Every structure is written in C-alpha cells, then in structure tokens.
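Have the model open as we go.

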Amino acid sequence: MVIMVSRTGRQLQRYDPRGRRLVVGCIPYRFKSSSKIGKGNVNEEVEVLVISSQKGQGMFFPKGGWELDESLEEAACRESLEEAGVLGTIECELGKWSYRSRSHDSTYEGRMFPLLVTQQLDLWPEKNVRQRLWMTVDEAREVCEHWWMKEALDILVGRLSTPQIQNPSTDSRIE
C-alpha cells in the first residue's frame, strides 16, 4: 500500500546539536536499457529524475526533513515517493553536506542517497504541485539548483562508472 498524503509540519523534524535542520534526499535513477553499462558512458546509459520546486522555480532532486520516527533511508524513500512519485532500491549514502537555505536564514545538513527506480506511479502526493522529468546526467547537472546535489550526482556517476559496480536489474558484472 502506498500512502498518498505528504507529511507536513516540523513537529517530528530532526536537528543536529548545533540546531541545523537535518535533510535527506535521493537521486532517483534508471538505466536506459536493461543491459549493463558497457563501453558507453554513464551519461548515455543512465537517466536521473529531477523535480520542480512547489513554486515551480528551479529543478532539483527530491529531498526533505528527516523525522524522528524514521531512519535516514526511510526518510529518503518517503521524500522520493511524496515529491517524485517513484519507488525503488535505496543504495549506499553518497555523502553529507552543509548548505545555506535560500528561503530561511539558516544552515542545513543534507544527506543524499541513490535510488534505483523500480516503479513510477501515475498518482503521488505532490503530483499537483510539482513537475518531474527524466533527463541525462549532464542535463540534470545543468538544471539542478543546488551545488551540493550536483556534487552528490558526481559521486553517483563515479560509482556507476567504476568497473566493480553491478547493475542490480541484471545482476551482471560491468566490465
């Protein structure tokens, strides 16, 4: 069962000891074909999903507050479902960044995870307030509004380009 209402409010929001809001997000991605990454590059064989802000200005990856009743991974998956309408397999954390909020006068700590998308929903909680768009890695790097998300994307590309990485959908070794 999929919950079709976004969480709201900050009652359950986590903060670090310095008072920074803890934010977590995902880079939803998929392989353009079911084959492993071969002699082509990641940009040619992988697509990532970006979303618009609720106000429609700017594109970035799904992210939001990490709440007290969930793990980091659960929060990342919840944000991808609520904001982008995708489900999938969460992978190892890409990193942690401190960044300044544009809309609030405060510093946040953001963490990002890759999400290998296994299902894209036609209906999702924020469908009426966000646009979602699959694009190449290079296109996403160009349109993404947040420098720290671009760094996370570069880390993901590095992982996917490494020969030891396997495409879980085919469970075959990349050579």
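Predicted model: local features only at pLDDT ≥ 70, side-chain atom pairs only at ≥ 80, totals over all residues.

Q: Which strands pair with S2, and in what sense do they run?
A: Look for bridges between strands. Three bridges join strand S1 (residues 21-31) to S2, and the two run antiparallel. Five bridges join S2 to strand S8 (residues 132-136), again antiparallel. Strand S3 (residues 59-60) pairs with S2 over two bridges, also antiparallel.

Q: Which residues stand opposite each other in these pairs?
A: Arginine 30 stands opposite glutamate 47 in S2. Valine 48 faces methionine 135 in S8. Serine 52 has methionine 59 in S3 as its bridge partner.

Q: What links S2 and S3 in their hairpin?
A: Six residues lie between the strands. One of the hairpin's residues, glycine 56, takes a positive phi near 80 degrees.

Q: Are the two faces of S2 covered or open?
A: In a regular strand the side chains alternate between the two faces of the sheet. So check each side in turn. In S2, Val46, Val48, Val50 and Ser52 are buried on one side. On the other, Glu47, Leu49 and Ile51 are buried as well.

Q: Which residues touch the most other members of the largest nonpolar core?
A: In soluble globular proteins, nonpolar side chains tend to be buried together. Here the largest nonpolar core has 43 residues. Ile27, Tyr29, Val48, Phe61, Met112 and Leu153 touch the most other members. Beyond its sequence neighbours within four places, valine 48 contacts residues including Ile27, Tyr29, Phe61 and Leu153.

Q: Which residues of H4 are buried?
A: They are Trp148, Met149, Ala152, Leu153, Leu156, Val157 and Leu160. Helix H4 spans residues 147-161.

Terms used: Residues numbered from 1 in each chain as written. Heavy atoms only, no water. Core = buried A, V, L, I, M, F, W, Y, C linked by side-chain atoms within 4.5 Å. Buried < 20%, exposed > 50% of the residue type's maximum accessible area, 1.4 Å probe, protein only. Contact = heavy atoms within 4.5 Å. Helix = DSSP H or I, 4+ residues; strand = E, 2+ residues; numbered from the N terminus. Expected span 1.5 Å × (residues − 1). Pairing = 2+ DSSP bridges.
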